[in-house]
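My notes follow the model.

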Amino acid sequence: MALQMTEKEEGSASDIILETRNIVKRFGGVVALAGVSIKIPRRWIVLLIGPNGSGKTTLVNVITGFLKPEEGKVIYEGRDITGVEPHIITRMGIVRTFQIPKPFINLTVLENLLAAYPPGPHENPYKAVSKRSWVKTEEEAVEKAFDILKALGMERAWDQKASELSGAELKLLEVGRALMSGAKLMILDEPAAGVNPTKAHEIFSVIRKLREERGITFLIIEHRIDIASQYVDYTYALHLGRLISQGPPQKVLNDKAVIESYIGG
Amino acid sequence: MMANFAVLAEQILSFIGIYYIVSIGLNLKAGHMGIPDFGHAMFFAMGGIVVGNIVAHIAAAVAAKSVPGVTVAGVIASNTKTLSIMNTKFFPYHPLLDIGLVIFALVLSLILGGILGWIASLPALRLRGEFLAILLLTVAEGLRVIFTYTKSLMGSTPTVGLSTPALFSWTHNSGLAATIFTIIVALIVYVYVERLHNSPAGRLFRAARDDEDAAKALGKNVVTIRRDAMIIGSALAGLAGAVYALNPFLGGGSVAAVSIFNRVWWTFWPWALIILGGMASNRGTGLATIIVGVSLIWPVRLYSFKVAQVLHASALGINPDQFANALEYAFIGLIILIVQAVLPRGIIPEYPSRTLPFEKYARGKVLPPKPKEE
Amino acid sequence: MNFETLMAPLYYASILSLLSVGITLSYMTTKVFNFAHVRYATVAAYFAAATMLSLVVHYHITLNSSVRTLGGMRYILPLPGWIYAVGFIVASIVGGLVSILLYYAVLKPLERRGLSPLALMISTLGFDFLLVAFLFIFMSEKPIINLAAKASSLIGAVNFASLGLDFADEYIYIGNSMIRGSVLGALILAVVVTIVLTFLTRKTKLGVMMRSSIENPNLALVLGINVDRVFAIAWFIAGLIAGMAGFLMLFGTSFLKFISPTSPYNSIVVSVFAGAIVGGIFNVEGSIGGGFLIGLIEKLFVPWLAAVMNAPGLIKYNKVFSMFAVALTLLFIPEGLASIRFRRFRRKTTGGEI
């Protein structure tokens, strides 16, 4: 299956960061994914669409290691990561955000980011009394956290509690935490859900900016295709566990099969 | 008059010190980590046993060589007699040994509390919320029963328990020395928990408490985080138990299963204090302990009988003894209900973990640098 | 093992099951473990005792002929049946009312403030402490003892426990065997409660409303069910049953402990929770069985084991066995027997009569 590339952006289509090959996933007798193959080039923003129950979330769960496929492979940066534990996949640089934001609600924005810094000996509670055991890592983390806050446009909210943030800010906080944990490929589950159009555009602008400035690759599940399609490079459409269309967003959105899949439910 | 006041002050300070240590241990588990430990008293009890049983045995082994009437077996077999001989004829004359034993007791109670906390953390990894609370409550009750009726642990009479070694008798003012000691330990514990709170590890406790799934998705090992909180919090409770047993104002010179495993004193009172102070708030717990210690525990525990007299309780057909009991229950109940209704975050709400002076970074990074003053 | 030695285990097991079922009823509806529940029984016992003694005094009931001294112990004498009936009714209603008070005065307002189930559980603990304080102040033995002294001058009781409440038990003869009234009463009550609750939850409109409110409170609201009131009724029933158990406790003090503000609460509360957990916290019948099972383990199995192993000291450790029962249930059947039962319960509800 050849990718139909558009002459977009600087990312080269031959540098594939993530690839799934013929993923099959069944739940009992129900086939959730019937051989799905996608390719995500590095530094691209890829949109995954499809009506409810089409298998989008299942595919994400397979990629991030929460589910094991019956058949097929997940290749990340040339390595087979099929069936690897989720937290190891996270450490390899694939970070997902949740559809409903899961902030550390009683922590400040800055603390949320700092807590997302990759785990290490600086978090050992038995050595916590000795500041020397963690201060260096912490300084790096704080520097990085403020850089990310600036990139997200949230720098003024750094000392605010997560419980005081708006819906859109919480979505950005999720993205910020993923960046903090060293994400190379970020999988966002409905980043614009429940957010007003202006804010949704802001969120996608930030995503574009992060791609330009930090070279992050994005795989985005989003129902608000009208907004998302303006920002993405490539689109895959799923229906009943099968890939029914792919290509530049406008092409996919005008595809008869895609339109029918949404109308037919 | 002055002397009376001094003793009163010592008693109050002792109460505040001990309740701070035991409550802050619970606060680490329940406030910072969100583990609803309803069996906190059992970790406290470990410290009491270290002093009443283990330290007494060690001291007896040393004393048996020089002091007539003291045998190692006598610590359990004729506890009151053996300890009263040691407390009058041995401990007052061996200050260095006494100090060594105090330090040993503190270290061992931390270790034993921590080990029991580690064991208790095993179910804590599989269960959540109220079910875990009920399980820990049940386990503490089971342990209480085991300790109550096992002669080699708590002596032959459950209600009397074991006399404790008077390890401050060499100072000739045990009460004052023990009070100072209690306050020093409490202050060290305060400094420790504040440093832990203001470290990446302390922040991680609170993060994993707020959202386990998010913490896991960020690659954190929630299992070890919960285990560590359980171990440290329980170790602090064990420490509190040892301090309790060493302080004559608190233990009254003895430890018994009925006192050191007391649910109301060492589980429910600490819960009330951390709710009043603010969950995950080390300073709030401190303030709550001081307020309650000065205004409630002191009159209730020590002078409720007089309060009943002043209020002419008996004229209303109320038994002054019963009234004393009632006061303590009423206070603890009212604190829990009123604070939860009016001030659910406590008197000093949870505050951020300040690992570094964040404002400095914020000024450099976020806001434009201040214009230079000419 | 003869008939007489079965009295204590049967009585204890019945009381536990009567109390465990209330823990389950209140947990099923509001997801709150109620720490005040067992105290309802104590409160109810005090009110029942005060009522019965007042009646004796008020109606100058004299029963000198029926003085019984059993084993040299102190008793308030067997009273006319109608006084027991009044005491029983007072106990049940007081239990139910205290439960309603907790539900409406504490739980509902706090729940509206968004407190977590755990915080609500702690608030029941706070309420429980207020009940204890109330008992210590207003129901301390002094007024009751005064009442008892007056009553016993009429009915000629030999002695009255200075420490707590204790009423004489009736003895009923079946052939050559003798069964104590409190034991028979507790057993019958446990059976009746099981049958009535089963009928109530499965066959009546209230039961259907209750099950749908538990299953899906929002849907129930849409269907026009007053979820709050349905839950309040469940809490009232739980309190009612606890009150009945409290009444029976007045007569079984030789099996359990004398009644005081903190007794027998302190010694049985953990066993009651154990019964509810082991039997299944989402299942009414299960919790009755669980309470009975824990009771029999503590008072029948452990003494038997002690006799078989020739280790009489073991009997004192009986609560340790309950601890293991709880731990094993919670750990090795994830979420307790509850999870298994809950699924079955769920299927029945969704296939139900709504």
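I started with the ring cluster: ring pairs link Phe38(B), Phe131(B), Phe268(B), Trp271(B), Tyr329(B), Tyr27(C), Phe33(C), Phe35(C), Phe129(C), Phe136(C), Phe273(C) and Phe282(C). Rings of Phe, Tyr and Trp (its six-membered ring) pair if their centres lie within 6.5 Å; planes under 30 degrees apart are stacked, over 60 edge-to-face, and the rest tilted.

A note on the source: this is a predicted model, where local features need pLDDT of at least 70 and side-chain atom pairs 80 or more, while totals for chains, interfaces and linings use all residues. Residues are numbered from 1 along each chain as written, chains are lettered from A and ligands numbered from 1 in the order written, and side-chain values use heavy atoms, without hydrogens and water.

Next I counted: over all chains there are 36 aromatic pairs. I picked Tyr20(B) and Tyr190(B), a tilted pair with 6.2 Å between centres and 55° between planes. They sit 170 residues apart, Tyr20(B) in helix α1 (residues 2-32) and Tyr190(B) in helix α8 (residues 174-197) of chain B. Helices (H or I, at least four residues) and strands (E, at least two) are DSSP runs, numbered from the N terminus.

Is Tyr20(B) buried or exposed? I found it buried, at 6% relative accessibility, whereas Tyr190(B) is partly exposed at 29%. Buried means under 20% relative accessible area, exposed over 50%, and partly exposed in between (1.4 Å probe, protein chains only).

Last, I checked chain A and found an open sheet of six strands, ordered β6-β7-β8-β3-β9-β10, with mixed pairing. Two strands pair if DSSP finds at least two bridges between them. β6 (94-96) and β10 (242-247) of chain A each have a single partner strand, so one side of each lacks a neighbour in the sheet.
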